[in-house]
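Hi everyone, thanks for making time. Have the viewer open if you can, and we'll walk through this one together.

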Amino acid sequence: MKSSKLNINKSFKTLGGLKIGVVSTYWNEEVIVPMLKDCLAKLDEYDLETESFVVPGAYELPLTAKCLCKNFDAVILLGCIIKGETPHFEIISQSISDNVLRTSLEEETPIIFGVLTTNNESEAKERAAYKGSEFAESALSTLDTLKKIK
C-alpha cells in the first residue's frame, strides 16, 4: 500500500480561529468517505472552525467553492473521477480543474483541489486512505504562507 509523500512538518497553531470549508461528493462515496474522515481528523488537530458540505458530483465543486469563498478562509474540495471508456473523464477533470483554479485566483482564497483522478476503483481506494490529511495540510500550509505575506 502506498503512503503519503507529503511531509510538511510544521505547526499551524498560529492559524487558530480560521474557517475551513470542506466539500465532498456523493459520487464514488466508497472512496470519498475515508478521504473525508482523514481530512477532518487532521483539521481537528488545530483550533479551526470547520464545516462540511456535500454535493452530488465533482462537476458541482467549483460553484460550491466559489460560494464558500465569501465566508471561509480556505476551501478543500474532495472528489473522485475514475477513468472509464468514454471521454467523460477528461472533460469533467479538465473543466473542474480549470474552474477551481480560476475561482481561487479571482477570490484570492486557497481552494485545495482534492479530486482524485484515477484509472480504476482500486487505485482510487488506495489513494483515498491517506490523501485527506494531505489536502488538509496543504490548506493549512497555504494559509500559513499567505498569513506571512499579507
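Let me start with what I call a pocket: on a 1 Å grid over the protein atoms alone, a cavity is a set of points where a 1.4 Å probe fits but cannot get out, while a pocket is an open set with protein on both sides within 12 Å along at least five of seven lines, and lining residues have an atom within 4 Å of a point. This is a predicted model, where local features need pLDDT of at least 70 and side-chain atom pairs count only at pLDDT 80 or more, while totals for chains, interfaces and linings use all residues. Residues are numbered from 1 along each chain as its sequence is written, and side-chain values use heavy atoms, with hydrogens and water left out.

So, which residues lie nearest the centre of the largest pocket? They are Trp27, Cys80, Ile81, His88 and Ile92, out of 13 lining residues. The volume is about 230 Å³, taken as the space filled by probe spheres set on the points, with grid points joined across faces, edges and corners. Strand β3 and helix α3 each supply at least two residues of that lining. Helices here are DSSP runs of H or I with at least four residues, strands are runs of E with at least two, and both are numbered from the N terminus.

Now the surroundings. β3 (residues 74–82) pairs with β4 in the parallel sense over 8 bridges; pairing takes at least two DSSP bridges between the strands. Along that pairing, Gly79 stands opposite Val115 in β4. Together, β3, α3 (residues 88–107) and β4 form a right-handed β-α-β unit, meaning that with the strands pointing away from the viewer, the path from the first strand over the helix to the second runs clockwise. In β4 (residues 111–118), 6 of the 8 residues are buried, where buried is under 20% relative accessible area, exposed is over 50% and partly exposed is in between, using a 1.4 Å probe and protein chains only.

Next, Ile20 in strand β1 (residues 19–25). Is Ile20 buried or exposed? Buried, because its relative accessible area is 0%. Beyond four places in sequence, Ile20 touches several residues, including Leu43, Phe72, Ile76 and Leu143, with contact meaning heavy atoms within 4.5 Å. The C-alpha atoms of Ile20 and His88 are separated by 30 Å.

Last, the cysteines. With a disulfide being a pair of cysteine sulfur atoms within 2.5 Å, the count is 0. Cys67 is in none, as its nearest cysteine sulfur, in Cys69, is 9.0 Å away. Cys69 is buried at 8% relative accessibility, whereas Cys67 is partly exposed at 45%.
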